[in-house]
Amino acid sequence: RWLGKEPKRYKSSAIAVRAFCADCGSPIYFQYDARPHYYALAVGSLDRPDLVKPERHWGVESEIPWARIDDGLQRSRTPG
């Protein structure tokens, strides 16, 4: 649930909506059209990101080859 103002939203592509803080512009989440109940939160938008345990890496089809993360988490292509 949002504790403050609702974020601003915009249709960033043919498959998703992105939300951001209307005051500072920080990204908050994105939401795939095909999965409207699912919100992908930007870790940097959390007050205590160290308390969130990641479950997987999404969007691996567009990763930069020299920046591959090999931490053992499941790797998934972007849905949609």
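Is Y39 buried, partly exposed or exposed? Y39 is partly exposed, with a relative accessible area of 42%. This briefing covers a predicted model, in which the chain has a mean pLDDT of 88. The structure contains six salt bridges and four aromatic pairs. The points below take up some of these contacts, along with the accessibility of the residues that form them.

**Confidence**

- In this predicted model, 98% of the residues of the chain reach a pLDDT of 70 or more.
- Among the elements of the chain, β1 has the highest mean pLDDT, at 96, and β5 has the lowest, at 83.

**Salt bridge K5–D23**

- Side chains of opposite charge can pair when their charged atoms come close.
- One of the salt bridges joins the side chains of K5 and D23, with an N to O distance of 3.0 Å.
- This pair links distant parts of the chain, 18 residues apart: K5 is in the segment before β1 (8-11), and D23 is in the loop between β2 (16-20) and β3 (27-32).
- K5 has a relative accessible area of 60%, which is over 50%, so K5 counts as exposed.
- D23 is exposed as well, with a relative accessible area of 61%.

**Salt bridge D50–R48**

- The side chains of D50 and R48 form a salt bridge at 2.7 Å, N to O.
- D50 is exposed, at 55% relative accessibility.
- R48 is partly exposed, because its relative accessible area of 47% falls between the limits of 20% and 50%.

- R75 and E63 meet through their side chains in a salt bridge of 2.8 Å, N to O.
- The two residues are 12 residues apart and link distant parts of the chain: R75 belongs to strand β6 (residues 74-76), while E63 sits in the loop between β5 (56-58) and β6.
- R75 is partly exposed, with a relative accessible area of 28%.
- E63 is partly exposed, at 28% relative accessibility.
- E63 and R75 belong to one network with R68 and D70, joined by salt bridges that share partners.

**Aromatic pairs**

- A pair of aromatic rings is described by the distance of the centres and the angle of the planes.
- By the rule used, the count of aromatic pairs is four, and one of them is formed by Y29 and Y39, with ring centres 4.9 Å apart.
- The planes of Y29 and Y39 lie at 80°, which is over 60 degrees, so this pair is edge-to-face.
- Y29 is in strand β3 and Y39 is in the loop between β3 and β4 (40-41), so the contact ties together parts 10 residues apart in sequence.
- Y29 is buried, at 7% relative accessibility, whereas Y39 is partly exposed, at 42%.
- The rings of F30 and Y32 have their centres 5.1 Å apart, and with their planes at 85° this pair is edge-to-face.
- F30 is partly exposed, with a relative accessible area of 22%.
- Y32 has a relative accessible area of 7%, which is under 20%, so Y32 counts as buried.

**Charge over a ring**

- R35 lies over the face of Y38, at 4.2 Å from the ring centre.

Methods. Residues numbered from 1 in each chain as written. Heavy atoms only, no water. Salt bridge = Lys/Arg side-chain N within 4 Å of Asp/Glu carboxyl O. Helix = DSSP H or I, 4+ residues; strand = E, 2+ residues; numbered from the N terminus. Buried < 20%, exposed > 50% of the residue type's maximum accessible area, 1.4 Å probe, protein only. Phe/Tyr/Trp six-rings, centres within 6.5 Å; stacked < 30°, edge-to-face > 60°. Lys NZ or Arg CZ within 6 Å of the ring centre and 35° of its normal. pLDDT = per-residue confidence, 0-100.
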